[in-house]
Amino acid sequence: MQATQTLAAFVADTRYTDLPASLIAECKIATLDAFAAAFVGSSLPWAQRVVEMVHELGGMPEVSVVNQPWKTDISRAALANGAMIGAFECEPLTGSHASGTVLPAALAVSQRDHRDGKAFLLSIAVGFEISGRLQKAAVGLESTRGFHNPGIQGPFGAAAAVGKLYGFDAATLASALGLAGSCAAGLLEFAWAGDDTKRVHLGRASSMGLESALLARKGLHGPVTVIEGPYGYFNAFSEPTDIAKLTAGLGKKWLIQPASHKAFATHVTHQAVVQAIQDMKREHGFDPKAITRVTIRGAHRILEDRHTVRDPMTVMGGQYSLPFTAAVALTRDMSNPLVYNDAAVKDTLVRSLAKNMELIVDKTVHDLFPAEVEIACGDKTYRKVTSPHKGSPHNPLNWADACEKFNRYTRTLIGAPQAKAIVDAVADLENQSDMARIATLLAKA
């Protein structure tokens, strides 16, 4: 099966008019949601360190970096913006976190080369789809092999998006994918101690995918069997799988639909549980200090070892742990992402709740929900079965939701006039004549 070349042909042949109206709307929502995540990321020390490194390295001042007053070259901008988008567990999930891998590369090229909004939307749509299809067709890539999805699939998606912006033919796109395959990287070992490597995987994937496309444009050749070959993507990263699933319905069914977004700044497997806890606090008004027992029963998927570390020492570690995140949700209003901070990690009540929480794997449940949360406060017990969180494929984010989230996330970071200008520009993205205008709106004046 010539999977790599089939995907390349799909990217080369797809036109803006081929995109369903619903997909265009979802790409606009993903763009605004990614911008919100980037502004949040710009305020956090680990992302700031990446941005500082990029600034120190210099680079030709071609394109903007989110919430910064300076410019750099397109590759370094993709790294910095991708790191900020992925900095705080609140970026869109569609296409295997492609908002932090595909979008920064596409935005950088679109700003420098003055592409219009339709070209940008088309590029991220095909890039998201390539990344998402690779993620959905792999088996055990994360849970068994220990690779991190966006770091592995991101370079492919970014290369596809940039290749589309440059109008590559199928052969050049296949070569770009071939080059991107050797840039695919990212290990999950950060999960145990909450290390910062996770924060840079998205930006690095974006930068490497972009550079792969640029090298292909120069005539460098990559293996056009990089996905299906004996030493390619699936044999390297996945357990045995049916590769035919990768291209099934390609061009007719978009596997990135329906979209997937987060409601809270934590891992996707925690979202429904956090929503249930927030609802229970509002409904019953219990005092977190009065809690005597907490039990969470759910699928193994949300209770894997990597998601059940009870004593993380960093925010990253906490955001990756279900019991710890549940404890934070019990003591704080998670509608504000920035309450998940060092103070929360050090909070003795949070740590006690996480340490003593009962976690039960229900082998009859195979999805991220339903799970059941039970909270006892002395002789009173409250129970709730989770429901799909806002932004999940079963409870999708609409444009009004995305605008509310963007304004809530950026309220303390940028002024209202700048926020309104960004929202208005993204709302009219398909009619923008020059993406440089939107990219400039994201920069610090």
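# A tour from alanine 329 to the cysteines

Select alanine 329: beyond its neighbours within four places in sequence, alanine 329 is in contact (heavy atoms within 4.5 Å) with Val274, Ile277, Gln278, Lys281 and Met334. This is a predicted model: local features need pLDDT of at least 70, side-chain atom pairs count only at pLDDT 80 or more, and totals for chains, interfaces and linings use all residues. Residues are numbered from 1 along each chain as its sequence is written, and side-chain values use heavy atoms, with hydrogens and water left out.

Stay on alanine 329. Helix H16 (residues 322-331) holds this residue. Helices (H or I, at least four residues) and strands (E, at least two) are DSSP runs, numbered from the N terminus. Is alanine 329 buried or exposed? Alanine 329 is buried, with a relative accessible area of 0%. Buried means under 20% relative accessible area, exposed over 50%, and partly exposed in between (1.4 Å probe, protein chains only). Alanine 329 and lysine 380 lie 51 residues apart in sequence and 19 Å apart in space, C-alpha to C-alpha.

Next, select serine 392. Look in the loop between strand S6 (380-385) and helix H19 (399-410). Serine 392 counts as buried, at 2% relative accessibility. Which backbone oxygen does its side chain reach? The side chain of serine 392 reaches that of histidine 389, at 3.0 Å. Leaving aside neighbours within four places in sequence, serine 392 also touches Ala259 and His261.

Now show helix H3 (residues 45-57) and helix H4 (residues 74-85). Their axes come within 9 Å and cross at roughly 170 degrees. That makes H3 roughly antiparallel to H4. Axes are lines fitted to C-alpha atoms, for helices over the stretch in contact, and angles run from 0 to 180 degrees between N-to-C directions. Angles over 145 degrees count as roughly antiparallel.

From H3, Ala47, Val50, Val51, Met53, Val54 and Leu57 meet Arg76, Leu79, Ala80, Ala83 and Met84 in H4. By class, this contact has 10 nonpolar, no polar and 1 charged residues. Ala, Val, Leu, Ile, Met, Phe, Trp, Tyr, Cys and Pro count as nonpolar, Asp, Glu, Lys and Arg as charged, and the others, Gly among them, as polar.

Last stop: the cysteines. How many disulfides are there? The count comes to 0 disulfides, a disulfide being a pair of cysteine sulfur atoms within 2.5 Å. Select cysteine 403. The nearest cysteine sulfur, that of cysteine 27, is 16 Å away. Cysteine 403 is buried, at 13% relative accessible area. Cysteine 183 is partly exposed, at 25%.

Key: Angles under 35 degrees count as roughly parallel, over 145 as roughly antiparallel, 65 to 115 as roughly perpendicular and the rest as oblique. A polar contact is a pair of N or O atoms within 3.5 Å; within protein, one must be able to donate a hydrogen and the other to accept it, and residues adjacent in sequence count only if both atoms are side-chain atoms.
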